[in-house]
Amino acid sequence: MDKEELILKAKTAQMKETADYRTALMTEPELRFLFFELTLRCNENCLHCGSRCGEAPGEELSSDVFISILDQVAKDFAGQLPMLCITGGEPLLRKEFFEIVNHAKELGFVWGMTSNGTLITKEVARKLREAGMATIAVSLDGPKEYHDAFRRSEGSFERTTEGLSCLMAQGFREVEVITVVTPGNLPLLDDLFRILCDIDVDSWRLVGIEPIGRAMDHPELSLSKKEQLQLLRYIRDKREEGYPVSYACSHWLGFEYERDVRDWYFFCDAGIRTASIMANGNIGGCLDIERRAETIQGNVLKDNFTEVWKNRFGIFRKPLSMRCEECRTCPDEEFCKGGSAHTWGFANDRQKVCFRREW
């Protein structure tokens, strides 16, 4: 048996193990990650924003409600608290941000956040350290000209890179940069790589632009088959050189690229390991999933979160592939299971992003 056959055999065995684990989770879910969408307000206006965030405040839970949910989850999941993931919009726009995360720290939660980085000053970075932040993912999509145009926010690049530098100066060791890749910045990845090396961030996660939110209004930003393969090969090459670069959790990539471009194999854990509480109190799986009646599982203003987690989420606890003949009969169904819930077209029960179909 040659090297390639041995690798394929090992990958297949590991993917079967992953598939079995995911199947078990559908029967006995484990809440590992709980997302708090503190606000849908944002100081940027990104072309691709999955939540169509902006300056309008919209509906927001009070800080007292968020804190009461933390108390409830700490009690109901004592001994196995989920990681708390703070997000938005831009979560630092929430004036009670530190009140909420400091309470989470006092209760024993490990917490991290996603941010555009533009509001992270030396003082904010210090306060994040004192509040016990464990991880942070900051969006940076290219060198100055590209990033500012893509984010539709003049000066964003300087503010974001300064925010990253402030975080590194505080000694954080889980600072990740997320880059959304389009035809416009694909040729600029090495330029951005050098910038990130100068800042000395801990890891870099890349993903092709997804057909969600505002990106649906800009099909010209989607990667072609050739460009998507170029991105995956770029990531694989960087990993082979020893750099902490990875492809995001999105999508089954097929036998050639699975495990080669990220640390483990694909599976969508929305509703089986991950739950979210949205800014208006709605309860769902991944925050990027289309928000419609069948994907919203309740609302914390009238429902007990723990009871919802235990007794609902049925739409996520059976394979999406069972809803679609094309997926159900696919040779890769055992490992893909219909792909990511955040790109599933619930209106027509078809996966919007299928690399096997496209390749």
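Guide: Helices are DSSP runs (H or I, at least four residues), numbered from the N terminus. This is a predicted model, where local features need pLDDT of at least 70, side-chain atom pairs count only at pLDDT 80 or more, and totals for chains, interfaces and linings use all residues. Residues are numbered from 1 along each chain as its sequence is written, and side-chain values use heavy atoms, leaving out hydrogens and water.

Visitor: What makes H5 roughly perpendicular to H6?

Guide: The axes of H5 (residues 144–151) and H6 (residues 156–169) come within 8 Å and cross at roughly 105 degrees. Angles of 65 to 115 degrees count as roughly perpendicular, so H5 is roughly perpendicular to H6.

Visitor: Which residues in H5 and H6 meet?

Guide: Contact means heavy atoms within 4.5 Å. Lys-144, His-147, Asp-148 and Arg-151 of H5 meet Ser-156, Phe-157, Glu-158 and Thr-160 of H6. That contact has one nonpolar, three polar and four charged residues; Asp, Glu, Lys and Arg count as charged, Ala, Val, Leu, Ile, Met, Phe, Trp, Tyr, Cys and Pro as nonpolar, and the others, Gly among them, as polar.

Visitor: Which helix gives the most to the lining of the largest cavity?

Guide: Helix H1 (residues 3–27) does, with four residues. The lining includes Met-15, Trp-252 and Lys-337. On a 1 Å grid over the protein atoms alone, a cavity is a set of points where a 1.4 Å probe fits but cannot get out, and lining residues have an atom within 4 Å of a point.

How values were computed: On a 1 Å grid over the protein atoms alone, a cavity is a set of points where a 1.4 Å probe fits but cannot get out, and a pocket is an open set with protein on both sides within 12 Å along at least five of seven lines; lining residues have an atom within 4 Å of a point. Helices (H or I, at least four residues) and strands (E, at least two) are DSSP runs, numbered from the N terminus. Axes are lines fitted to C-alpha atoms, for helices over the stretch in contact, and angles run from 0 to 180 degrees between N-to-C directions. Angles under 35 degrees count as roughly parallel, over 145 as roughly antiparallel, 65 to 115 as roughly perpendicular and the rest as oblique.
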